[in-house]
Amino acid sequence: MPHDMPAILSWIDAQQERMLRLVRQWSAINSHTGNVAGVTRMVAAARSAFAPLGGTQRLVRLPAYESIGNDGATRLTPVGPALSIRKRPRARRSVLLCIHTDTVYPPANPAAAPKRATQKRNAAETTQLKGNILRGPGVADAKGGLVVMLVALQALEKSDAAEKLGWEVLLNPDEEIGSSSSRSLLEQAAGRHQVGLLFEPALDDAGTLAAARRGTGNFAIVVRGRSAHAGRDFAAGRNALAAAAELAVGLHQLNRQLADITINVARLDGGGPLNVVPNLAILRFNVRITQPDQAQPVQRCINDLVAQINQHDGISAELIGRFGNMPKLFDQPHIELFNLVAQCARDLGRPVRWHDTGGVCDGNRLAAAGLPNVDSLGVCGGGLHSADEYMLVDSLTQRAKLAAVVLMRLASEASPLCGGEKTGTLRVTR
């Protein structure tokens with residue numbers, strides 16, 4: 001480890017006010033996935049903040065993503081740009097650092113809006129600070145993580161170890177909707193590095209890290225029937241909404257039939273005037289699996305339900321969607337990486353634990369592309385995706401120190417990762 005480590009850690013401690021100020025400023029930028037102008041503004045702010053680190057910055061325009069509207073038609077929706085920053089790409093050891101710039105809060109959401117419609121939003125109005133708790137849209141997921149990443153890299157660049165480690169920062173604008181537009185960008189980046197560090201929030205206030213993650217698929221079933229007057233000619237109609245409801249019940253029942261699989265029937269759109277037999281309904285649902293080999297069996301069960309509905313006279317159902325993310329397994333490469341992170345945490349006097357989670361993030365996508373990664377190195381906090389989202393202010397420097405020490409350990413010749421020989425089987429305590 002660098003001989004100047006104490007000075008570097010002291011420098012990080014001195015950055016807390018700056019880090020807090022940045023989180024509040026960036027939270028005031030509404031970067032809902034669909035707010036392309038807001039995401040673009042957030043990326044511009046990040047480019048400016050990261051520029052002193054050097055490296056080559058590249059703004060990447062991404063393709064629009066497909067979605068199914070309530071009329072059953074496929075729509076293309078634009079997303080904001082991604083940002084890649086690469087430094088020392090020819091270094092023998094290299095690490096990919098990722099986090100998303102988008103949030104789930106639309107501009108009209110009370111959690112993201114200024115106090116008065118005529119008032120320009122600013123950091124003090126968007127966030128509320130009380131003691132060690134900062135509340136506001138995206139403070140934990142994941143603008144706090146973005147600030148942690150920035151300061152950790154600044155600390156690395158101050159150290160003697162910097163020249164031994166190449167790195168790439170990748171900020172994508174669509175993680176909250178599944179990263180469909182940035183998927184290929186993530187996969188390409190995974191192939192350029194040996195280790196990934198992602199700055200999603202920790203699992204709890206204690207800083208617990210995510211180990212294994214479930215895989216997920218988002219699906220829609222478009223059901224079409226035939227309209228008719230509900231009073232004069234009811235028998236001539238074919239009720240698409242009723243057929244979709246039958247599908248919803250069948251899908252929910254699969255939760256009792258398939259082990260370690262969850263199917264969440266999330267939304268049913270359709271219908272209209274009470275005197276009209278509805279001719280269109282769209283059923284939307286999410287599936288989560290724990291093992292890659294579960295994808296095909298559950299897909300067959302869903303296909304069977306759709307086929308049964310298609311046997312109904314005058315009804316047609318079309319399944320749209322796929323498993324976009326395979327499970328992230330806690331396999332040997334991940335065990336070795338987690339042990340390295342755990343040792344760094346112990347060296348700092350703040351041991352960390354980890355456990356499996358049903359949540360999905362870009363860590364799934366990078367793992368599927370062959371890149372071992374720790375994906376919850378961001379701030380401690382909670383209330384994600386709600387008006388109560390918060391982060392613990394003191395976790396800004398705590399997590400920045402952990403990430404910085406991990407980066408310097410990866411740069412070390414003693415590290416078993418990043419180009420060194422693997423260490424063999426390790427015993428892990430969660």
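Which backbone nitrogen lies 3.2 Å from a polar atom of the side chain of His 334? The nitrogen is that of Asn 373. The model is predicted, so local features need pLDDT of at least 70 and side-chain atom pairs count only at pLDDT 80 or more, while totals for chains, interfaces and linings use all residues. Residues are numbered from 1 along each chain as its sequence is written, and side-chain values use heavy atoms, with hydrogens and water left out.

His 334 sits in helix α9, residues 332–347; helices (H or I, at least four residues) and strands (E, at least two) are DSSP runs numbered from the N terminus. With a relative accessible area of 3%, His 334 is buried, where buried means under 20% relative accessible area, exposed over 50% and partly exposed in between (1.4 Å probe, protein chains only). Its side chain also makes a polar contact of 2.7 Å with the side chain of Asp 331. A polar contact is a pair of N or O atoms within 3.5 Å; within protein, one must be able to donate a hydrogen and the other to accept it, and residues adjacent in sequence count only if both atoms are side-chain atoms. Not counting residues up to four places away in sequence, His 334 touches Lys 328, Leu 329, Ala 367, Leu 371, Pro 372 and Asn 373, contact meaning heavy atoms within 4.5 Å.

The nonpolar cores come next. In soluble globular proteins, nonpolar side chains tend to be buried together. A nonpolar core is a set of buried Ala, Val, Leu, Ile, Met, Phe, Trp, Tyr and Cys residues joined through side-chain atoms within 4.5 Å. The largest one has 76 residues, of which Phe 50, Met 149 and Leu 153 touch the most other members. Helix α5 (residues 139–158) supplies the largest share of this core, 13 residues. Leaving aside neighbours within four places in sequence, Leu 153 is in contact with Phe 50, Leu 53, Leu 97, Trp 167, Val 169 and Leu 407. A second, separate core of 27 residues includes Val 287, Ala 295, Val 306 and Ala 317.

Two helix pairs can be followed in turn. The axes of α7 (residues 240–257) and α8 (residues 295–309) come within 10 Å and cross at roughly 155 degrees. This makes α7 roughly antiparallel to α8; angles under 35 degrees count as roughly parallel, over 145 as roughly antiparallel, 65 to 115 as roughly perpendicular and the rest as oblique. Axes are lines fitted to C-alpha atoms, for helices over the stretch in contact, and angles run from 0 to 180 degrees between N-to-C directions. Residues of α7 including Leu 247, Gly 250 and Leu 251 meet residues of α8 including Ile 302, Leu 305 and Val 306.

In the other pair, the axes of α1 (residues 5–13) and α11 (residues 395–411) come within 9 Å and cross at roughly 150 degrees. Helices α1 and α11 are therefore roughly antiparallel to each other. Among the residues that meet are Ile 8, Leu 9 and Ile 12 in α1 and Ala 400, Ala 404 and Val 405 in α11. In the segment after α11 is Ser 415, which counts as buried at 4% relative accessibility.

Some backbone details remain. Most residues other than glycine have a negative phi, and most peptide bonds are trans. A cis peptide bond, with omega about 5 degrees, joins Asp 141 and Ala 142; Ala 142 lies in helix α5. Arg 88, though not a glycine, has a positive phi of about 55 degrees. Arg 88 is in the loop between β4 (82–87) and β5 (93–100) and is buried, with a relative accessible area of 15%.
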